[in-house]
Amino acid sequence: MPQPRGAELEAVRARRDELRDRYLKQSAQRPAPTVKGFHHVALICKDVEETIRFYQELLGFPLVELVENRDYAGSSHFFFDVGNRNLLGFFDFPGHDHPPFQETIGAVQHIALSTDAENFAAARGRLDEAGIAYTGPDRGVDDSLYIRDPNGIGLEFYREELAVFNGTPLLED
């Protein structure tokens, strides 16, 4: 996709600075969140078995539940454990013709998954062994590795602690 340049880029950057100044509060000034966190993130898949094999067998995220979706007859709703009591959920919708993944408004750009150095290296090895293409350390971002799942969903393996971005803690304990 084309990126802004010149005066357009400067206007985008100025707008970001304005929004940061207006809305970003230091931790002592931030109100407490009104929820406990994500129970699960729910995404749509095209093939239940393919998605299970990718997440459980390749990435190592245990499947913890597989039931019928209560809102759509025949649809499956299933969950993977992605650590720290977080769940990644999926639905399928049999009979529905889904268009291919497209990076657009309302779509998931990517899901960043925190990992340590050992598991980062292991994930990279499994991807290499499976012949799955990725971008990451090769483009100057040493702590990130990006892939797309069989549904087109972007995943980032981020070698960083939870709630830390580029070495800077974003949340207090």
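Mentor: A pocket, on a 1 Å grid over the protein atoms alone, is an open set of points where a 1.4 Å probe fits, with protein on both sides within 12 Å along at least five of seven lines, and its lining residues have an atom within 4 Å of a point. The model is predicted, so local features need pLDDT of at least 70 and side-chain atom pairs 80 or more, while totals for chains, interfaces and linings use all residues. Residues are numbered from 1 along each chain, and side-chain values use heavy atoms, without hydrogens or water.

Trainee: Which residues lie nearest the centre of the second largest pocket?

Mentor: The second largest pocket has a volume of about 510 Å³, taken as the space filled by probe spheres set on the grid points, which are joined across faces, edges and corners. Its lining comprises 17 residues, and those nearest the centre are Ile44, Pro99, Phe101, Asn151 and Ile153.

Trainee: Which element gives the most to the lining of the largest pocket?

Mentor: The largest pocket holds about 1,200 Å³ of space, and among its 40 lining residues Phe38, Asn86, Ala112, Leu162 and Ala163 are the closest to its centre. Elements are DSSP runs numbered from the N terminus, helices being H or I with at least four residues and strands E with at least two. Two or more lining residues come from each of β1 (40–44), β4 (87–91), β5 (111–115), α3 (117–130), β7 (154–159) and β8 (164–165). The element that gives the most, with 5 residues, is β5.

Trainee: What pattern does the protein follow when read along the sequence?

Mentor: The secondary structure comes to 3 helices and 9 strands, in a protein whose C-alpha trace spans about 50 × 40 × 40 Å along its principal axes. Read along the sequence, these elements follow the pattern α-β-α-β-β-β-β-α-β-β-β-β.

Trainee: Is Tyr55 buried or exposed?

Mentor: Tyr55 sits in helix α2 and, leaving aside neighbours within four places in sequence, is in contact (heavy atoms within 4.5 Å) with Gly60, Phe61, Phe80, Leu88, Phe90, Asp149 and Leu155. Buried means under 20% relative accessible area, exposed over 50% and partly exposed in between, computed with a 1.4 Å probe on the protein chains only. Because its relative accessible area is 0%, Tyr55 is buried.

Trainee: Is Arg85 buried or exposed?

Mentor: Arg85 lies in the loop between β3 and β4, and its phi is positive, about 65°, although Arg85 is not a glycine. Because its relative accessibility is 82%, Arg85 counts as exposed.

Trainee: What is the phi of Asn166?

Mentor: Asn166 is placed in the loop between β8 and β9 (168–169), and it counts as exposed because its relative accessibility is 59%. For this residue, which is other than glycine, phi is positive and near 55°.
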